[in-house]
Amino acid sequence: MKKIFITLSILSVFSACTSSKLAPIPKDALKPTVTTQPTPNDTDDPAIWINHKNPSESIVIGTDKEEAVGGLYAYNLKGEIINKITPLNRPNNVDVAYGFSYQGKKIDIAVTTERANHKIRIVSLPDFNLIDNGGIDVFENEEIRDPMGIAMYTQGDKIYAIVGRKDGPSEGYLHQYLLADNNGEIEAKLVRKFGKYSGKKEIEAIAVDQELGYIYYSDETVGIRKYYADPTKGNEELAFFGQKDFKRDHEGIAIYKTSNTDGYILVSDQQANYFNVYKREGTNGNANQHELVAKIPVSTVECDGADAVNFNFGSAFPKGFFVAMSNGMTFQLYDWRIIQAEIDKQAK
């Protein structure tokens, strides 16, 4: 009887975990071109590193957000895990920067938040090695320190990390740090605190438009906020959009560029399993007027993080791709041509 009881209990738990509390995938959802191998625990956020010399050897970097035993994973464009850094203590979000000055040469880096340790971690690319001597503290002397979101901004020779956290004040929620190498030890200098917060849920997803010099972030359940990335331009909020376009949570943000000035901002409508699309260049000649132009049904389940890039990776992704996290411990890669076709269809 005991064996039968245990078996029934396990089946009951399994049934409860697989019952439809999660949002259903839309019937007309786009199918991913590639789905990555699963991580052991809980994927959260991806970033794309372009190998400009050999595009087919570019990699997708993703976080496995588990406390104490989490990790940072590298995937090839077929979705296979080719490298990893474990254990990390709840790595949350990740982003990439090119041309960081380190030990007398320029290198590319990935930077991830290590939430449970109140640090950011820095990884050299493409060799995928930690180079931060145990990590760099963020939100020092703050009551709430748990870092979640991160986005990198490059301005000439300067590389900044914009970091968000689990909770924070109504003003100055985000901190912007200038990263620099000091005799082989990477330091982060706080250059500003900025960004409004509604207090409704949290701020996690952050994205930077390098060419246009803007920062976007999701104030979950409320809207998407926009600021200058250059800290010398001040802390004025430039736009607050998407306030009525989402089922509940505003999540991952990806920017796809069709030129230096035009393109799309894609934001995860998490509980609907859609990505809402806004024009990067704005609307009606107003660079800060971002109106909904399409809702893309995707196969990701309750997506947290996303990234996109316009680059010729070869026959599989000649116009680049869009990558998004999905519940189920995976990331999904979509040939951009599939996304663009859906945008064009809805524009007719």
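Residues are numbered from 1 along each chain as its sequence is written, and side-chain values use heavy atoms, with hydrogens and water left out. Because the model is predicted, local features need pLDDT of at least 70 and side-chain atom pairs count only at pLDDT 80 or more, while totals for chains, interfaces and linings use all residues.

The account begins with a sheet. Strands β2, β3, β4 and β5 form an open sheet in the order β2-β3-β4-β5, with antiparallel pairing. Strands here are DSSP runs of E with at least two residues, numbered from the N terminus, and two of them pair if DSSP finds at least two bridges between them. At the edges stand β2 (43-49) and β5, each with a single partner strand, so one side of each is left without a neighbour in the sheet. From one strand to the next the twist averages 15°; axes are lines fitted to C-alpha atoms, and angles run from 0 to 180 degrees between N-to-C directions. The antiparallel pairing of β2 with strand β3 (residues 59-64) extends over 5 bridges, and I48 stands opposite V60 in β3.

The loop between β4 (70-75) and β5 (81-88) contains N76. N76 is buried, with a relative accessible area of 17%, where buried means under 20% relative accessible area, exposed over 50% and partly exposed in between (1.4 Å probe, protein chains only). A polar atom of the N76 side chain lies 3.0 Å from the backbone nitrogen of K78. The side chain of N76 also makes a polar contact with the side chain of E80, at 2.7 Å. A polar contact is a pair of N or O atoms within 3.5 Å; within protein, one must be able to donate a hydrogen and the other to accept it, and residues adjacent in sequence count only if both atoms are side-chain atoms.

Strand β6 (residues 91-102) has 9 of its 12 residues buried, so β6 is largely enclosed by the rest of the structure. Strand β7 (residues 105-114) is mostly covered, with 8 of its 10 residues buried. β6 and β7 pair in the antiparallel sense over 8 bridges; F100 stands opposite I107 in β7, and the bridge partner of V94 in β7 is T112. These two strands form a hairpin with 2 residues between them, and Q103 in the turn has a positive phi of about 50°. On to strand β8 (residues 119-125), β7 pairs in the antiparallel sense over 7 bridges, with K119 in β8 as the bridge partner of E114. The hairpin of β7 and β8 has 4 residues between the strands, and H118 in the turn has a positive phi of about 60°.

Another open sheet consists of 4 strands in the order β15-β16-β17-β18, with antiparallel pairing. Its edge strands are β15 (203-209) and β18 (239-241), each pairing on one side only, and its twist averages 20° from one strand to the next. β15 and strand β16 (residues 214-219) pair in the antiparallel sense over 5 bridges, and V208 stands opposite I215 in β16.

The whole structure holds 16 aromatic pairs. Rings of Phe, Tyr and Trp (its six-membered ring) pair if their centres lie within 6.5 Å; planes under 30 degrees apart count as stacked, over 60 as edge-to-face and the rest as tilted. The rings of Y153 and Y160 have their centres 6.0 Å apart and their planes at 20°, so the pair is stacked. Y153 is buried, with a relative accessible area of 6%, and Y160 is buried as well, at 4%. Elsewhere, ring pairs link Y214, Y216, Y228, F241 and Y278 into a cluster. R192 lies over the face of F194, at 3.8 Å from the ring centre, and K295 lies over the face of Y274, at 5.6 Å from the ring centre. A charge sits over a ring if NZ of Lys or CZ of Arg is within 6 Å of the ring centre and within 35 degrees of the ring normal.
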